[in-house]
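Thanks for coming, everyone. Let's have the model up on the screen, and I'll walk you through it.

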Amino acid sequence: MSEGDVGDAAVSDRTDRKDKKDRRGRKDKRSRKDRTGAAERPAALTLKESGRWAWTQLTSMRTALILLFLLALAAIPGAIVPQKSIAPAKVLDFRSANPELSKVYDALGLFNVYTSPWFSAIYLLLFISLVGCILPRIRVYVRALRAEPPVTPSRLDRLPESATSSTVRNADEVLDAAATALRRKRFRVVRRAGSVAAERGYLREFGNLLFHLSMLVLLVGIAWSNLFGYKGSSIVVTGQGFSNNVTQYDDFTGGGLFRDSALTPFSLTLDAFTVRFETGPVQTGAARQFTANVTVTDRPGATPRQEVIEVNHPLNINGTAVHLIAHGYAPVVTVTDGNGNVAFNGPVVFLPQDGNFTSTGAIKAPDARPEALGFQGFFLPTATVDASGPHSLFPDALVPELFLNAWAGAPKAETGTPQSVYSLDTTGMEQIKTADGTPVAVRLKEGEYIDLPDGRGRLTFIGWQRWAKLQVSATPGLPLTVGSVAAAILGLMLSLFIRPRRIWARATAGEDGRTLIEVGGLDRADARTGLDDEVAAVLAVMDDPVEDVPETPADEGSPTEGAVTTTSGRMK
(Lines give C-alpha, C1' and ligand atoms only; values in the text may rest on other atoms or scores of the structure.)
Protein backbone atom coordinates (compact mmCIF):
# COMPACT_ATOMS: atom_id res chain seq x y z
CA MET A 1 0.00 0.00 0.00
CA SER A 2 1.36 3.40 -0.95
CA GLU A 3 1.78 6.32 1.42
CA GLY A 4 -1.22 8.08 -0.19
CA ASP A 5 -3.43 5.01 0.32
CA VAL A 6 -2.50 4.90 4.02
CA GLY A 7 -3.45 8.56 4.47
CA ASP A 8 -6.78 8.08 2.72
CA ALA A 9 -7.57 5.08 4.92
CA ALA A 10 -6.83 7.06 8.10
CA VAL A 11 -9.07 9.90 7.04
CA SER A 12 -11.89 7.45 6.20
CA ASP A 13 -11.53 5.74 9.60
CA ARG A 14 -11.79 9.06 11.45
CA THR A 15 -14.88 9.99 9.44
CA ASP A 16 -16.58 6.67 10.30
CA ARG A 17 -15.90 7.12 14.01
CA LYS A 18 -17.34 10.68 13.93
CA ASP A 19 -20.53 9.47 12.19
CA LYS A 20 -21.01 6.71 14.78
CA LYS A 21 -20.57 9.25 17.63
CA ASP A 22 -23.19 11.56 16.09
CA ARG A 23 -25.64 8.69 15.72
CA ARG A 24 -25.14 7.67 19.37
CA GLY A 25 -25.73 11.31 20.45
CA ARG A 26 -28.99 11.52 18.54
CA LYS A 27 -30.08 8.19 19.98
CA ASP A 28 -29.33 9.35 23.54
CA LYS A 29 -31.38 12.49 22.95
CA ARG A 30 -34.33 10.44 21.67
CA SER A 31 -34.05 8.18 24.71
CA ARG A 32 -34.15 11.12 27.13
CA LYS A 33 -37.11 12.58 25.28
CA ASP A 34 -38.92 9.23 25.39
CA ARG A 35 -38.32 8.84 29.14
CA THR A 36 -39.47 12.32 30.12
CA GLY A 37 -42.22 12.60 27.55
CA ALA A 38 -40.89 15.94 26.30
CA ALA A 39 -37.67 17.51 25.17
CA GLU A 40 -35.47 19.03 27.85
CA ARG A 41 -35.93 22.76 28.33
CA PRO A 42 -33.10 25.12 29.21
CA ALA A 43 -32.87 26.09 32.84
CA ALA A 44 -34.52 29.37 33.87
CA LEU A 45 -32.30 32.41 34.33
CA THR A 46 -31.22 33.17 37.84
CA LEU A 47 -31.89 36.57 39.40
CA LYS A 48 -28.31 37.64 38.72
CA GLU A 49 -28.49 36.49 35.11
CA SER A 50 -31.83 38.23 34.61
CA GLY A 51 -30.40 41.47 35.99
CA ARG A 52 -27.36 41.18 33.72
CA TRP A 53 -29.61 40.60 30.70
CA ALA A 54 -31.79 43.60 31.61
CA TRP A 55 -28.71 45.81 32.06
CA THR A 56 -27.35 44.69 28.69
CA GLN A 57 -30.62 45.58 26.99
CA LEU A 58 -30.90 48.95 28.74
CA THR A 59 -27.35 50.02 27.96
CA SER A 60 -27.41 49.09 24.29
CA MET A 61 -27.21 51.87 21.74
CA ARG A 62 -30.49 50.73 20.22
CA THR A 63 -32.28 51.27 23.53
CA ALA A 64 -30.66 54.69 23.96
CA LEU A 65 -31.93 55.76 20.54
CA ILE A 66 -35.42 54.45 21.32
CA LEU A 67 -35.47 56.36 24.62
CA LEU A 68 -34.27 59.52 22.90
CA PHE A 69 -37.10 59.18 20.39
CA LEU A 70 -39.61 58.59 23.21
CA LEU A 71 -38.32 61.67 25.04
CA ALA A 72 -38.92 63.76 21.92
CA LEU A 73 -42.44 62.35 21.62
CA ALA A 74 -43.13 62.94 25.31
CA ALA A 75 -42.15 66.60 24.95
CA ILE A 76 -44.77 67.25 22.26
CA PRO A 77 -47.71 67.66 24.71
CA GLY A 78 -45.65 70.26 26.56
CA ALA A 79 -45.56 72.36 23.40
CA ILE A 80 -49.30 71.99 22.72
CA VAL A 81 -50.95 72.01 26.15
CA PRO A 82 -50.38 75.14 28.34
CA GLN A 83 -47.99 74.41 31.18
CA LYS A 84 -48.30 75.63 34.76
CA SER A 85 -44.58 76.33 34.91
CA ILE A 86 -44.70 78.57 31.83
CA ALA A 87 -48.17 80.10 31.51
CA PRO A 88 -50.31 79.51 34.62
CA ALA A 89 -52.88 82.08 33.44
CA LYS A 90 -53.41 80.14 30.21
CA VAL A 91 -53.90 76.96 32.25
CA LEU A 92 -56.68 78.66 34.23
CA ASP A 93 -58.31 79.83 31.00
CA PHE A 94 -58.09 76.32 29.55
CA ARG A 95 -59.67 74.83 32.68
CA SER A 96 -62.54 77.32 32.48
CA ALA A 97 -63.16 76.60 28.80
CA ASN A 98 -62.70 72.80 29.02
CA PRO A 99 -63.63 71.55 32.50
CA GLU A 100 -64.14 67.89 31.52
CA LEU A 101 -61.06 67.65 29.33
CA SER A 102 -59.01 69.30 32.08
CA LYS A 103 -59.79 66.38 34.40
CA VAL A 104 -58.25 63.99 31.88
CA TYR A 105 -55.24 66.24 31.43
CA ASP A 106 -54.77 66.45 35.20
CA ALA A 107 -54.87 62.66 35.50
CA LEU A 108 -52.23 62.34 32.77
CA GLY A 109 -50.12 65.19 34.10
CA LEU A 110 -50.31 67.10 30.82
CA PHE A 111 -50.32 70.48 32.56
CA ASN A 112 -46.95 69.58 34.09
CA VAL A 113 -45.40 67.45 31.36
CA TYR A 114 -41.75 68.04 32.21
CA THR A 115 -42.18 67.13 35.88
CA SER A 116 -44.64 64.27 35.36
CA PRO A 117 -43.65 60.76 36.53
CA TRP A 118 -43.74 59.27 33.02
CA PHE A 119 -41.56 62.00 31.53
CA SER A 120 -39.13 61.74 34.45
CA ALA A 121 -38.97 57.96 34.00
CA ILE A 122 -37.97 58.29 30.34
CA TYR A 123 -35.48 61.00 31.26
CA LEU A 124 -33.80 58.88 33.95
CA LEU A 125 -33.76 55.73 31.81
CA LEU A 126 -32.11 57.67 28.99
CA PHE A 127 -29.52 59.00 31.42
CA ILE A 128 -28.73 55.50 32.74
CA SER A 129 -28.64 54.08 29.20
CA LEU A 130 -26.15 56.71 28.06
CA VAL A 131 -23.93 56.07 31.07
CA GLY A 132 -23.99 52.34 30.36
CA CYS A 133 -23.12 52.96 26.70
CA ILE A 134 -20.28 55.37 27.34
CA LEU A 135 -18.35 53.71 30.17
CA PRO A 136 -17.33 50.58 28.19
CA ARG A 137 -16.34 52.75 25.23
CA ILE A 138 -14.13 54.87 27.47
CA ARG A 139 -12.31 51.76 28.68
CA VAL A 140 -11.79 50.60 25.09
CA TYR A 141 -10.57 54.04 24.07
CA VAL A 142 -8.07 54.21 26.94
CA ARG A 143 -6.67 50.81 25.92
CA ALA A 144 -6.42 52.00 22.32
CA LEU A 145 -4.49 55.09 23.41
CA ARG A 146 -2.00 52.97 25.30
CA ALA A 147 -1.64 50.37 22.56
CA GLU A 148 0.92 50.56 19.77
CA PRO A 149 -0.07 50.64 16.09
CA PRO A 150 -0.85 47.13 14.87
CA VAL A 151 1.74 44.85 13.31
CA THR A 152 2.47 45.34 9.61
CA PRO A 153 0.27 43.00 7.51
CA SER A 154 2.02 40.35 5.46
CA ARG A 155 0.24 41.39 2.24
CA LEU A 156 0.23 45.17 1.93
CA ASP A 157 -1.02 44.90 -1.62
CA ARG A 158 -4.42 43.77 -0.32
CA LEU A 159 -5.02 47.07 1.49
CA PRO A 160 -7.33 49.70 -0.04
CA GLU A 161 -4.31 51.78 -1.05
CA SER A 162 -0.83 50.38 -1.69
CA ALA A 163 2.28 51.13 -3.75
CA THR A 164 5.62 49.49 -4.39
CA SER A 165 9.00 50.59 -5.65
CA SER A 166 12.68 49.78 -5.33
CA THR A 167 15.72 51.83 -4.42
CA VAL A 168 19.46 51.59 -4.10
CA ARG A 169 19.27 52.91 -0.53
CA ASN A 170 19.50 50.39 2.30
CA ALA A 171 16.46 49.29 4.30
CA ASP A 172 17.33 51.13 7.54
CA GLU A 173 17.79 54.39 5.68
CA VAL A 174 14.45 54.28 3.87
CA LEU A 175 12.56 53.16 6.99
CA ASP A 176 14.09 56.02 8.99
CA ALA A 177 13.00 58.42 6.26
CA ALA A 178 9.44 57.00 6.34
CA ALA A 179 9.26 57.22 10.15
CA THR A 180 10.42 60.84 10.13
CA ALA A 181 7.91 61.84 7.45
CA LEU A 182 5.04 60.15 9.28
CA ARG A 183 5.92 61.80 12.60
CA ARG A 184 5.84 65.19 10.89
CA LYS A 185 2.28 64.40 9.86
CA ARG A 186 1.40 63.67 13.51
CA PHE A 187 1.26 59.89 13.16
CA ARG A 188 2.12 57.70 16.11
CA VAL A 189 5.05 55.68 14.73
CA VAL A 190 6.52 52.36 15.84
CA ARG A 191 9.65 51.01 14.19
CA ARG A 192 9.80 47.25 14.01
CA ALA A 193 12.16 44.83 12.30
CA GLY A 194 12.02 45.61 8.60
CA SER A 195 8.91 47.79 8.78
CA VAL A 196 7.28 50.92 10.15
CA ALA A 197 3.72 51.04 11.53
CA ALA A 198 1.97 54.38 11.99
CA GLU A 199 -1.49 55.45 13.10
CA ARG A 200 -3.29 58.72 13.68
CA GLY A 201 -6.86 59.98 14.18
CA TYR A 202 -7.32 59.05 17.85
CA LEU A 203 -9.25 62.30 18.33
CA ARG A 204 -12.12 60.96 16.25
CA GLU A 205 -13.21 58.51 18.93
CA PHE A 206 -12.46 61.18 21.53
CA GLY A 207 -14.93 63.43 19.68
CA ASN A 208 -17.57 60.69 19.78
CA LEU A 209 -17.07 60.20 23.49
CA LEU A 210 -17.03 63.96 24.11
CA PHE A 211 -20.32 64.33 22.26
CA HIS A 212 -22.03 61.60 24.29
CA LEU A 213 -20.56 62.82 27.57
CA SER A 214 -21.80 66.30 26.72
CA MET A 215 -25.28 64.89 26.28
CA LEU A 216 -25.05 63.46 29.79
CA VAL A 217 -23.87 66.77 31.21
CA LEU A 218 -26.65 68.52 29.29
CA LEU A 219 -29.23 66.29 30.97
CA VAL A 220 -27.66 67.03 34.35
CA GLY A 221 -27.72 70.78 33.66
CA ILE A 222 -31.36 70.73 32.62
CA ALA A 223 -32.34 68.66 35.65
CA TRP A 224 -30.39 70.99 37.94
CA SER A 225 -32.16 74.05 36.56
CA ASN A 226 -35.59 72.42 36.73
CA LEU A 227 -35.15 71.20 40.28
CA PHE A 228 -33.49 74.23 41.88
CA GLY A 229 -34.41 77.08 39.53
CA TYR A 230 -37.41 79.38 39.53
CA LYS A 231 -39.18 81.86 37.28
CA GLY A 232 -41.70 84.55 38.00
CA SER A 233 -43.02 87.78 36.55
CA SER A 234 -44.28 91.05 37.96
CA ILE A 235 -45.73 94.22 36.47
CA VAL A 236 -44.04 97.35 37.80
CA VAL A 237 -45.44 100.81 37.14
CA THR A 238 -43.04 103.68 36.54
CA GLY A 239 -42.02 105.19 39.86
CA GLN A 240 -42.83 102.03 41.81
CA GLY A 241 -40.54 99.26 43.00
CA PHE A 242 -40.15 95.51 43.20
CA SER A 243 -38.61 93.32 45.90
CA ASN A 244 -37.52 89.77 45.14
CA ASN A 245 -40.01 88.08 47.39
CA VAL A 246 -42.58 85.43 46.44
CA THR A 247 -45.43 87.71 47.54
CA GLN A 248 -44.31 90.36 45.02
CA TYR A 249 -44.82 88.16 41.96
CA ASP A 250 -47.92 88.11 39.79
CA ASP A 251 -47.09 84.50 38.88
CA PHE A 252 -44.30 82.33 40.19
CA THR A 253 -43.05 78.80 39.53
CA GLY A 254 -40.26 77.06 41.40
CA GLY A 255 -38.51 73.74 40.89
CA GLY A 256 -39.22 70.62 42.88
CA LEU A 257 -36.34 71.28 45.30
CA PHE A 258 -36.61 75.08 45.30
CA ARG A 259 -36.83 76.90 48.63
CA ASP A 260 -37.84 80.51 49.22
CA SER A 261 -34.56 81.09 51.02
CA ALA A 262 -32.77 80.66 47.67
CA LEU A 263 -34.19 83.95 46.36
CA THR A 264 -31.56 86.64 45.87
CA PRO A 265 -32.55 89.46 48.28
CA PHE A 266 -32.45 92.35 45.81
CA SER A 267 -34.86 95.17 45.11
CA LEU A 268 -35.28 97.64 42.27
CA THR A 269 -37.25 100.74 41.34
CA LEU A 270 -38.47 101.48 37.82
CA ASP A 271 -37.35 105.09 37.43
CA ALA A 272 -38.32 105.57 33.79
CA PHE A 273 -39.51 103.56 30.85
CA THR A 274 -38.75 104.88 27.37
CA VAL A 275 -40.68 103.66 24.35
CA ARG A 276 -40.29 104.75 20.75
CA PHE A 277 -42.45 103.67 17.81
CA GLU A 278 -41.97 104.09 14.06
CA THR A 279 -43.84 107.12 12.74
CA GLY A 280 -42.71 106.93 9.10
CA PRO A 281 -44.74 105.56 6.21
CA VAL A 282 -42.97 102.18 6.37
CA GLN A 283 -43.89 99.87 9.29
CA THR A 284 -45.84 102.58 11.03
CA GLY A 285 -46.25 101.78 14.71
CA ALA A 286 -43.47 99.18 14.80
CA ALA A 287 -41.45 99.11 18.01
CA ARG A 288 -38.06 100.77 17.80
CA GLN A 289 -36.93 101.13 21.41
CA PHE A 290 -37.86 99.77 24.84
CA THR A 291 -35.56 100.91 27.64
CA ALA A 292 -36.12 100.56 31.38
CA ASN A 293 -33.99 102.70 33.71
CA VAL A 294 -33.89 101.13 37.15
CA THR A 295 -32.24 101.68 40.51
CA VAL A 296 -30.99 98.38 41.91
CA THR A 297 -30.05 97.45 45.47
CA ASP A 298 -28.24 94.12 45.44
CA ARG A 299 -28.99 93.32 49.08
CA PRO A 300 -30.34 95.11 52.13
CA GLY A 301 -27.91 97.84 53.14
CA ALA A 302 -26.01 97.85 49.85
CA THR A 303 -25.38 101.02 47.86
CA PRO A 304 -28.01 101.52 45.12
CA ARG A 305 -26.79 101.61 41.55
CA GLN A 306 -28.27 102.69 38.24
CA GLU A 307 -28.85 100.09 35.54
CA VAL A 308 -30.57 99.84 32.15
CA ILE A 309 -32.68 96.87 30.99
CA GLU A 310 -33.49 96.39 27.33
CA VAL A 311 -35.10 93.65 25.28
CA ASN A 312 -32.62 90.76 24.89
CA HIS A 313 -30.24 92.54 27.30
CA PRO A 314 -31.26 91.33 30.76
CA LEU A 315 -29.90 92.57 34.05
CA ASN A 316 -27.89 90.03 36.05
CA ILE A 317 -28.01 90.38 39.83
CA ASN A 318 -25.85 87.80 41.60
CA GLY A 319 -26.90 85.02 39.23
CA THR A 320 -30.53 86.12 38.92
CA ALA A 321 -31.62 87.36 35.49
CA VAL A 322 -34.15 90.18 35.13
CA HIS A 323 -35.69 90.32 31.64
CA LEU A 324 -37.96 92.93 30.11
CA ILE A 325 -40.77 91.00 28.43
CA ALA A 326 -43.77 93.34 28.06
CA HIS A 327 -45.04 96.85 28.65
CA GLY A 328 -48.26 98.86 28.59
CA TYR A 329 -50.20 101.75 30.06
CA ALA A 330 -51.56 102.47 33.52
CA PRO A 331 -54.12 105.33 33.61
CA VAL A 332 -53.93 107.38 36.80
CA VAL A 333 -57.40 107.97 38.29
CA THR A 334 -59.06 109.23 41.43
CA VAL A 335 -62.35 107.75 42.67
CA THR A 336 -64.35 109.85 45.12
CA ASP A 337 -67.25 108.06 46.83
CA GLY A 338 -70.74 109.34 47.64
CA ASN A 339 -69.57 110.66 51.01
CA GLY A 340 -66.95 112.86 49.34
CA ASN A 341 -64.00 110.75 50.46
CA VAL A 342 -61.22 109.55 48.17
CA ALA A 343 -61.80 105.80 47.84
CA PHE A 344 -59.00 105.18 45.36
CA ASN A 345 -56.15 107.18 43.87
CA GLY A 346 -53.29 106.00 41.69
CA PRO A 347 -52.31 104.15 38.52
CA VAL A 348 -54.28 101.12 37.33
CA VAL A 349 -52.66 98.57 35.03
CA PHE A 350 -54.50 97.97 31.74
CA LEU A 351 -53.46 95.07 29.50
CA PRO A 352 -52.88 95.65 25.75
CA GLN A 353 -55.06 93.65 23.37
CA ASP A 354 -53.59 94.52 19.96
CA GLY A 355 -50.61 96.09 18.24
CA ASN A 356 -52.00 99.60 18.75
CA PHE A 357 -52.27 98.97 22.50
CA THR A 358 -56.02 99.04 22.83
CA SER A 359 -55.97 98.07 26.52
CA THR A 360 -58.56 96.61 28.87
CA GLY A 361 -58.72 96.84 32.64
CA ALA A 362 -60.78 97.49 35.73
CA ILE A 363 -60.81 100.26 38.33
CA LYS A 364 -61.97 99.02 41.73
CA ALA A 365 -62.98 101.05 44.76
CA PRO A 366 -64.29 98.46 47.24
CA ASP A 367 -63.88 100.91 50.15
CA ALA A 368 -66.23 103.49 48.63
CA ARG A 369 -69.29 104.34 50.74
CA PRO A 370 -72.20 104.10 50.94
CA GLU A 371 -71.75 101.85 47.89
CA ALA A 372 -68.70 100.11 46.52
CA LEU A 373 -67.80 101.36 43.05
CA GLY A 374 -66.22 99.69 40.05
CA PHE A 375 -65.37 100.61 36.46
CA GLN A 376 -64.46 98.40 33.55
CA GLY A 377 -63.51 99.22 29.97
CA PHE A 378 -60.72 100.45 27.69
CA PHE A 379 -57.76 102.77 27.72
CA LEU A 380 -56.90 103.95 24.20
CA PRO A 381 -53.51 105.67 23.76
CA THR A 382 -54.55 107.22 20.42
CA ALA A 383 -58.32 107.10 20.62
CA THR A 384 -60.91 107.22 17.90
CA VAL A 385 -64.51 106.14 17.55
CA ASP A 386 -65.92 104.87 14.26
CA ALA A 387 -68.39 102.29 13.00
CA SER A 388 -66.40 99.51 14.67
CA GLY A 389 -66.49 101.29 18.04
CA PRO A 390 -63.74 102.86 20.12
CA HIS A 391 -60.21 101.70 19.35
CA SER A 392 -56.64 102.96 19.14
CA LEU A 393 -54.98 104.09 15.92
CA PHE A 394 -51.37 104.17 17.14
CA PRO A 395 -49.49 102.51 20.00
CA ASP A 396 -48.05 105.72 21.45
CA ALA A 397 -50.10 107.91 23.80
CA LEU A 398 -50.95 110.75 21.40
CA VAL A 399 -54.67 111.14 22.23
CA PRO A 400 -55.25 109.06 25.39
CA GLU A 401 -58.83 108.47 26.48
CA LEU A 402 -60.76 106.26 28.90
CA PHE A 403 -63.95 104.43 27.85
CA LEU A 404 -65.64 102.77 30.84
CA ASN A 405 -68.85 101.33 32.25
CA ALA A 406 -69.72 102.08 35.88
CA TRP A 407 -70.99 99.64 38.52
CA ALA A 408 -72.14 100.01 42.11
CA GLY A 409 -73.21 97.63 44.84
CA ALA A 410 -73.31 96.94 48.52
CA PRO A 411 -69.87 96.67 50.17
CA LYS A 412 -68.63 93.11 50.42
CA ALA A 413 -66.92 91.51 53.38
CA GLU A 414 -63.28 90.59 52.85
CA THR A 415 -63.00 86.81 52.32
CA GLY A 416 -59.31 86.55 51.41
CA THR A 417 -60.18 84.85 48.13
CA PRO A 418 -57.80 86.11 45.42
CA GLN A 419 -59.33 88.01 42.51
CA SER A 420 -57.97 89.18 39.20
CA VAL A 421 -56.90 92.82 39.26
CA TYR A 422 -57.54 93.09 35.51
CA SER A 423 -61.28 92.29 35.53
CA LEU A 424 -64.25 93.36 37.60
CA ASP A 425 -66.40 90.79 39.42
CA THR A 426 -69.89 92.26 39.09
CA THR A 427 -71.54 89.69 41.34
CA GLY A 428 -73.86 91.61 43.69
CA MET A 429 -73.39 94.84 41.72
CA GLU A 430 -75.59 96.64 39.22
CA GLN A 431 -74.63 98.86 36.32
CA ILE A 432 -75.11 102.54 37.03
CA LYS A 433 -77.68 104.14 34.73
CA THR A 434 -78.93 107.59 33.96
CA ALA A 435 -82.38 108.87 34.84
CA ASP A 436 -83.80 107.55 31.56
CA GLY A 437 -82.41 104.06 32.23
CA THR A 438 -79.47 104.28 29.85
CA PRO A 439 -76.21 102.73 31.18
CA VAL A 440 -73.66 105.38 32.04
CA ALA A 441 -70.96 105.52 29.35
CA VAL A 442 -67.79 107.13 30.63
CA ARG A 443 -65.49 108.82 28.11
CA LEU A 444 -62.74 110.90 29.62
CA LYS A 445 -59.67 112.73 28.36
CA GLU A 446 -56.72 113.69 30.53
CA GLY A 447 -57.80 116.10 33.27
CA GLU A 448 -61.54 115.44 32.82
CA TYR A 449 -63.96 113.94 35.34
CA ILE A 450 -67.51 112.63 35.50
CA ASP A 451 -70.00 112.85 38.34
CA LEU A 452 -71.98 109.65 38.74
CA PRO A 453 -75.79 109.86 38.90
CA ASP A 454 -77.60 110.02 42.24
CA GLY A 455 -74.57 111.47 44.00
CA ARG A 456 -72.72 108.14 43.95
CA GLY A 457 -69.34 109.76 43.47
CA ARG A 458 -66.89 111.06 40.91
CA LEU A 459 -64.24 109.58 38.63
CA THR A 460 -61.32 111.77 37.54
CA PHE A 461 -58.84 110.83 34.78
CA ILE A 462 -55.63 112.51 35.92
CA GLY A 463 -53.17 111.11 33.39
CA TRP A 464 -51.25 107.95 32.57
CA GLN A 465 -47.99 106.16 33.28
CA ARG A 466 -46.16 103.30 31.62
CA TRP A 467 -45.62 99.90 33.18
CA ALA A 468 -43.07 97.21 32.41
CA LYS A 469 -43.42 93.50 32.96
CA LEU A 470 -40.24 92.02 34.41
CA GLN A 471 -39.42 88.34 34.38
CA VAL A 472 -37.10 87.26 37.16
CA SER A 473 -35.52 83.83 36.82
CA ALA A 474 -32.64 81.76 38.13
CA THR A 475 -31.31 78.75 36.22
CA PRO A 476 -28.35 77.46 38.23
CA GLY A 477 -27.60 74.78 35.65
CA LEU A 478 -27.41 77.21 32.74
CA PRO A 479 -23.58 77.48 32.61
CA LEU A 480 -23.36 73.70 32.68
CA THR A 481 -25.98 73.44 29.94
CA VAL A 482 -24.34 76.02 27.67
CA GLY A 483 -20.90 74.51 28.23
CA SER A 484 -22.14 71.02 27.42
CA VAL A 485 -23.74 72.24 24.18
CA ALA A 486 -20.46 73.88 23.14
CA ALA A 487 -18.54 70.71 24.03
CA ALA A 488 -21.05 68.59 22.09
CA ILE A 489 -20.54 70.74 18.99
CA LEU A 490 -16.77 70.42 19.36
CA GLY A 491 -17.04 66.65 19.75
CA LEU A 492 -19.29 66.41 16.71
CA MET A 493 -16.80 68.38 14.63
CA LEU A 494 -13.94 66.13 15.73
CA SER A 495 -15.89 63.00 14.90
CA LEU A 496 -16.84 64.36 11.46
CA PHE A 497 -13.54 65.85 10.30
CA ILE A 498 -10.86 63.68 11.92
CA ARG A 499 -9.91 60.70 9.74
CA PRO A 500 -8.31 57.78 11.58
CA ARG A 501 -5.70 56.19 9.33
CA ARG A 502 -3.01 53.57 9.44
CA ILE A 503 0.09 53.53 7.26
CA TRP A 504 2.60 50.67 7.00
CA ALA A 505 5.92 50.66 5.20
CA ARG A 506 8.19 47.67 4.61
CA ALA A 507 11.69 47.49 3.17
CA THR A 508 13.32 44.19 2.16
CA ALA A 509 16.49 43.36 0.32
CA GLY A 510 15.94 42.23 -3.27
CA GLU A 511 17.89 39.59 -5.20
CA ASP A 512 19.39 42.21 -7.51
CA GLY A 513 20.93 44.10 -4.59
CA ARG A 514 18.25 46.80 -4.59
CA THR A 515 15.85 47.40 -1.67
CA LEU A 516 12.21 46.55 -2.33
CA ILE A 517 9.77 49.11 -0.83
CA GLU A 518 6.12 48.46 0.01
CA VAL A 519 3.70 51.05 1.44
CA GLY A 520 0.05 50.42 2.32
CA GLY A 521 -2.70 52.52 3.88
CA LEU A 522 -6.02 51.89 5.55
CA ASP A 523 -8.66 54.53 6.28
CA ARG A 524 -10.68 53.34 9.27
CA ALA A 525 -13.44 55.91 8.72
CA ASP A 526 -14.24 54.57 5.26
CA ALA A 527 -13.50 58.00 3.79
CA ARG A 528 -10.54 57.43 1.49
CA THR A 529 -10.17 61.00 0.33
CA GLY A 530 -6.47 61.79 0.37
CA LEU A 531 -5.33 58.31 1.43
CA ASP A 532 -3.67 57.67 -1.94
CA ASP A 533 -1.77 60.95 -1.61
CA GLU A 534 -0.49 60.00 1.83
CA VAL A 535 0.68 56.59 0.59
CA ALA A 536 2.38 58.22 -2.40
CA ALA A 537 4.06 60.81 -0.14
CA VAL A 538 5.53 58.10 2.11
CA LEU A 539 6.70 56.14 -0.91
CA ALA A 540 8.32 59.27 -2.31
CA VAL A 541 10.50 59.89 0.75
CA MET A 542 11.59 56.24 0.74
CA ASP A 543 12.31 56.09 -2.98
CA ASP A 544 15.40 57.31 -4.81
CA PRO A 545 15.57 61.10 -5.13
CA VAL A 546 14.45 62.32 -8.52
CA GLU A 547 17.34 63.70 -10.58
CA ASP A 548 17.27 65.61 -13.82
CA VAL A 549 18.37 63.18 -16.53
CA PRO A 550 19.41 64.68 -19.87
CA GLU A 551 17.20 63.69 -22.73
CA THR A 552 18.61 60.84 -24.85
CA PRO A 553 19.11 61.76 -28.48
CA ALA A 554 16.83 60.01 -30.87
CA ASP A 555 19.72 58.13 -32.45
CA GLU A 556 20.90 56.66 -29.15
CA GLY A 557 18.76 53.63 -28.52
CA SER A 558 19.57 52.87 -24.84
CA PRO A 559 19.32 54.84 -21.59
CA THR A 560 22.36 56.51 -20.16
CA GLU A 561 24.54 53.98 -18.41
CA GLY A 562 24.19 54.02 -14.62
CA ALA A 563 20.64 55.53 -14.48
CA VAL A 564 18.30 53.99 -11.83
CA THR A 565 14.86 52.83 -12.91
CA THR A 566 12.09 52.76 -10.32
CA THR A 567 8.61 51.31 -10.58
CA SER A 568 5.57 51.92 -8.50
CA GLY A 569 2.10 50.49 -8.54
CA ARG A 570 -1.12 50.37 -6.57
CA MET A 571 -3.48 47.47 -5.98
CA LYS A 572 -7.01 47.75 -4.62
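The largest nonpolar core here has 52 residues, and those with the most contacts inside it are Val 322, Leu 373, Phe 375 and Leu 459. By nonpolar core I mean a set of buried Ala, Val, Leu, Ile, Met, Phe, Trp, Tyr and Cys residues joined through side-chain atoms within 4.5 Å. Buried is under 20% relative accessible area, exposed is over 50%, and partly exposed is in between, with a 1.4 Å probe and protein chains only. In soluble globular proteins, nonpolar side chains tend to be buried together.

A word on what you're seeing: this is a predicted model, in which local features need pLDDT of at least 70 and side-chain atom pairs count only at pLDDT 80 or more, while totals for chains, interfaces and linings use all residues. Residues are numbered from 1 along each chain as its sequence is written, and side-chain values use heavy atoms, with hydrogens and water left out.

Now the overall picture. The protein chain has 10 helices and 24 strands; helices (H or I, at least four residues) and strands (E, at least two) are DSSP runs, numbered from the N terminus. Of its 572 residues, 37% count as buried. If we take contacts, meaning heavy atoms within 4.5 Å, with a separation of 6 or more, 64% of them are between residues 24 or more positions apart.

Next, helix α6. How far apart are its end C-alpha atoms? They are 44 Å apart, and this agrees with the 44 Å that the 30 residues, 117–146, should span at 1.5 Å a residue. That expected span is 1.5 Å times one less than the number of residues. Among the buried residues of α6 are Phe 119, Ile 122, Tyr 123, Leu 126 and Leu 130. And what do the buried residues of α6 pack against? They pack against α2 (47–58), α3 (61–80) and α8 (202–228).

On to the strands. Four of them form an open antiparallel sheet in the order β5-β7-β8-β9, where two strands count as paired if DSSP finds at least two bridges between them. β5 (241–243) and β9 (305–310) stand at the edges with a single partner strand each, so one side of each has no neighbour in the sheet. Inside that order, 10 bridges join β7 (267–277) to β8 (287–297), and Thr 274 has Thr 291 of β8 as its bridge partner.

Elsewhere, β16 (383–386) and β17 (389–392) pair antiparallel over 4 bridges. They form a hairpin with 2 residues between them, and Thr 384 stands opposite His 391 in β17.

Finally, some backbone details to look up on your own screens. Most residues other than glycine have a negative phi, and most peptide bonds are trans. A cis peptide bond joins Arg 369 and Pro 370, with omega about 10 degrees; Pro 370 sits in the loop between β14 (359–365) and β15 (372–380). Gln 283 has a positive phi of about 55 degrees, lies in the loop between β7 and β8, and is exposed at 53% relative accessible area. Asp 454 has a positive phi too, near 60 degrees. Its loop runs between β21 (449–452) and β22, and Asp 454 is exposed, at 69% relative accessibility.
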